[in-house]
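Please examine the sequence and the structure shown here before reading the points below.

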Amino acid sequence: MDYNDMKYRMCNGCDRGLCSCAVGRQDRQLNTYDWLAGVPGNSRSTDLVEVQFKNTRKGYYHNDNNLELKKGDIVAVEANPGHDIGVVSLTGRLVKLQIKKANLKSADDIKRIYRIAKPVDMEKYEEAKSREHDTMIQSRQIAKDLGLQMKIGDVEYQGDGNKAIFYYIADERVDFRQLIKVLAETFHVRIEMKQIGTRQEAGRIGGTGPCGRELCCATWMKNFVSVSTNAARHQDISLNPQKLAGMCAKLKCCLNYEVDEYIEARQSIPGKEIVLQTMDSDYYQFKIDILSHQLTYSTDKNLAANLETISAERANEIIAMNKRGEKPVSLLEEDKIKEPSKPIDLLANADISRFDKAKKKKSRNRSGNNSNVNNNRQNKPQQQTQNDNLQNEQQGKQNVPVNRNAKENNNRPNRNNNTVQSDSTNTNRNKKNHRRRPNNNNKKPKTEGNQ
């Protein structure tokens, strides 16, 4: 079974609709899209191969053994001393352009690829990588004990474990000769020190910028150009250090992306110190929109009064007229007439009686509910009388005795009802009297002396 089919196999797929051979792994920094990957014979056009190591470190090597390499393969490359383990990140014609971009001056810097990594090579590689964090913590403590004003940001072991690269940050020049001796005695490897800046450190660590995307220094940017506050001034950005600073606490690199366009657009916009003279009054520049070439002028030099917005072409025309000693009627063009400003009426489209309507609706609802209640009250006694009549008729039919003369019995239904009611009232009276009678059993017997 091939060892690359196990957990060390690199994924070449992508779910963004791009060529898998061109994109490769997206979790690696400074990834380059190979737009020539689908061209026949592209990989054979040159033997140069780009290999990426930990974080943003890359190297360029010759494929002298004519190995069939593709993006994502793990290879063992030549190092000094021993060998190193890396991942193929680019092949073909674009590697030459990357070499020019990396400013490799001598051909001796380009070494060769030994082979595709074997399981034994990967075991040594994993063992060396497992020691990096502990080595970084110990080296920081050693530098602190020596009193060196430096910060060790990262440690990278070579693939065979014979060499270690220490990346450090320092504001001033540091004499770390004694530090190298102590580190070599402690870790028993060859020591190499590399100084990096805060931007390189941010690129090695990675992260998300305030724009919501991954940091440019961790994805595609290799060369860092100095950024100044003039870039923010050209783009008319407020000089707020909290907004202008990036994750590295330096000025954002993206401030330089659009500076050239803003400088070119500003060439056709008149300066802020130029005053436009008209027959109405003098106008001072209040604000500008650089990309849309729109300028806003005010009659007051320090306040926003009688603001007028015109184009940069119209402003240049007025400046030319003022140089000839002419004054236009207004800032606006002759064809365009400014409409007189009308006072704003807050209740123009509103009804003053909008609150009264709601009250009327409520009162109507209340009156409707009261009428319904009264109707129900009037209907209730009628229904009760009807129900009482039905009950009386039923009781009369049940209480009528069976007699020979049916006519006499039918002529006297009320008497029978009255007798029944009188009997029931008599029984109720007897019950009440029975309750009210005193209990004579509790009385004391009379004695002869009392008689």
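Strands E6 and E7 run antiparallel and are joined by 6 bridges; two strands pair if DSSP finds at least two bridges between them. Helices (H or I, at least four residues) and strands (E, at least two) are DSSP runs, numbered from the N terminus. The model is predicted, so that local features need pLDDT of at least 70 and side-chain atom pairs count only at pLDDT 80 or more, while totals for chains, interfaces and linings use all residues. Residues are numbered from 1 along each chain as its sequence is written, and side-chain values use heavy atoms, with hydrogens and water left out.

- Buried means under 20% relative accessible area, exposed over 50%, and partly exposed in between (1.4 Å probe, protein chains only).
- Glutamate 156 stands opposite isoleucine 165 in E7.
- The hairpin of E6 and E7 has 5 residues between the strands, and glycine 161 there takes a positive phi near 80°.

**Lysine 163**

- Lysine 163 lies in strand E7, which comprises residues 163-169.
- With a relative accessible area of 16%, lysine 163 is buried.
- Contact means heavy atoms within 4.5 Å; not counting residues up to four places away in sequence, lysine 163 touches residues including Asn80, Glu156, Val189 and Glu192.
- Its side chain makes a polar contact with the side chain of glutamate 192, at 2.7 Å. A polar contact is a pair of N or O atoms within 3.5 Å; within protein, one must be able to donate a hydrogen and the other to accept it, and residues adjacent in sequence count only if both atoms are side-chain atoms.

**Helix H11**

- The buried residues of H11 include Ala312, Ala315, Ile318 and Ile319.
- These buried residues of H11 pack against strand E9 (276-277), strand E11 (294-298) and strand E12 (308-311).
- Glycine 325, whose phi is positive, near 90°, follows H11.

**Cysteines**

- The structure holds 0 disulfides, a disulfide being a pair of cysteine sulfur atoms within 2.5 Å.
- Cysteine 216 is in no disulfide, and the nearest cysteine sulfur, that of cysteine 211, is 6.5 Å away.
- Cysteine 216 counts as partly exposed because its relative accessibility is 27%, whereas cysteine 217 is buried at 13%.
- The sulfur of cysteine 217 is 6.5 Å from the closest cysteine sulfur, in cysteine 253, which is too far for a bond.
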